[in-house]
Amino acid sequence: MMNYFTAKLTEILKHTLVIVSIFFIVRLLFAVCFVPFTTFEAYAKSLPFAAFNALRFDLQVAAYVAILPFLVVLVCLFVRNRSVAGWLSRFISTYYVVLEIALLILALVDIGFYSNFHSHINITFFDFFNENPLSLLQTIWEEYHVILYLSAVGLASFGIYILARKIAKGTLNCENKHASLAVNRKTIVLIVLFLVAEVVCLRGSVWRFPLQVEDSFVSSSKQINDLVPNAAYMLKKAVKEKKNAFAVSFIYNGNSKLFSRKETKFGSKSEFNRKQIQ
């Protein structure tokens with residue numbers, strides 16, 4: 001009989017499949033909008049490699065999302081209190097619904113960004129927040145079919161919610177008297193195997209180097225390459241670039257201020273030399 005921990009790990013795996021499916025559907029939409037059919041014909045040999053690397057990017061995002069639910073399972077493993085386990089079970093379901101809807105919206109925003117800049121989300125994305133937000137919202141309202149897009153997102157979000165409820169009902173929860181909180185050898189083996197899979201997916205690779213943006217370069221076609229990464233990964237890359245740019249700017253400004261203070265104290269180099277001659 002399936003116990004509580006096996007049921008929760010199964011639920012995490014099902015939600016991982018949902019996240020991968022969301023990225024797959026959005027990727028199909030991306031291909032329809034931006035990749036001509038002739039490009040698929042010309043680069044047919046690169047498509048299997050592109051699909052494999054796309055799955056690696058998607059599983060990495062799903063693994064990041066699964067970190068907190070997996071920690072919740074570990075907490076229940078040590079606490080083994082039915083009321084606590086019940087509350088944490090409801091938390092996992094709500095957590096996945098919110099994250100899956102957020103990933104869907106982010107993926108659609110990425111498509112909108114690509115339609116304007118012919119690139120996935122990058123450091124330019126943050127420039128929108130430096131402008132007047134009200135002016136930006138007005139531009140979006142005037143130039144895009146906002147009501148249609150919001151309706152589509154609303155329907156998709158409702159579908160995700162219904163699917164999450166079915167997943168929660170399909171797996172045993174702690175309110176069920178038959179769901180055992182006992183820990184046996186099978187449970188320990190499953191948790192260890194899940195932990196190994198989680199680490200591999202977080203790394204995105206079983207080889208020497210972890211998953212990198214260079215793994216999206218699977219052909220000489222930019223359009224095929226742009227099919228590989230997902231919006232969440234590109235947002236993470238953009239945030240990293242933003243932090244690096246801020247660090248460089250901070251160091252540059254700091255050095256400039258330090259140099260200015262030295263000039264104020266000692267005068268310019270030529271003035272200092274003149275004082276020494278005198």
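Tutor: Start with the side chain of R56, which reaches the backbone oxygen of G204 at 2.9 Å. That is a polar contact, meaning a pair of N or O atoms within 3.5 Å; within protein, one must be able to donate a hydrogen and the other to accept it, and residues adjacent in sequence count only if both atoms are side-chain atoms. Keep in mind that this is a predicted model, where local features need pLDDT of at least 70 and side-chain atom pairs count only at pLDDT 80 or more, while totals for chains, interfaces and linings use all residues. Residues are numbered from 1 along each chain as its sequence is written, and side-chain values use heavy atoms, with hydrogens and water left out.

R56 belongs to helix α3; helices here are DSSP runs (H or I, at least four residues), numbered from the N terminus. R56 counts as buried because its relative accessibility is 11%, buried being under 20% relative accessible area, exposed over 50% and partly exposed in between (1.4 Å probe, protein chains only). Setting aside neighbours within four places in sequence, R56 is in contact with G204, S205, W207, L211 and D215, where contact means heavy atoms within 4.5 Å.

Now take G204, which comes just after α8 and has a positive phi of about 75°. Follow the chain back into α8 itself: its 19 residues, 185–203, should span 27 Å at 1.5 Å a residue, and the end C-alpha atoms are 27 Å apart, so the two agree. The expected span is 1.5 Å times one less than the number of residues.

Which residues of α8 are buried? They are T187, I191, F194 and E198. These cover an arc of only 65° around the axis, which puts them on the same side of α8; the arc is that of the directions from the helix axis to the C-beta atoms. As background, an α-helix has 3.6 residues a turn, so residues three or four places apart point the same way. Among the elements covering the buried residues of α8 are α1 (4–34) and α3 (47–79), and α3 is the helix that holds R56.

Technical notes
Helix = DSSP H or I, 4+ residues; strand = E, 2+ residues; numbered from the N terminus.
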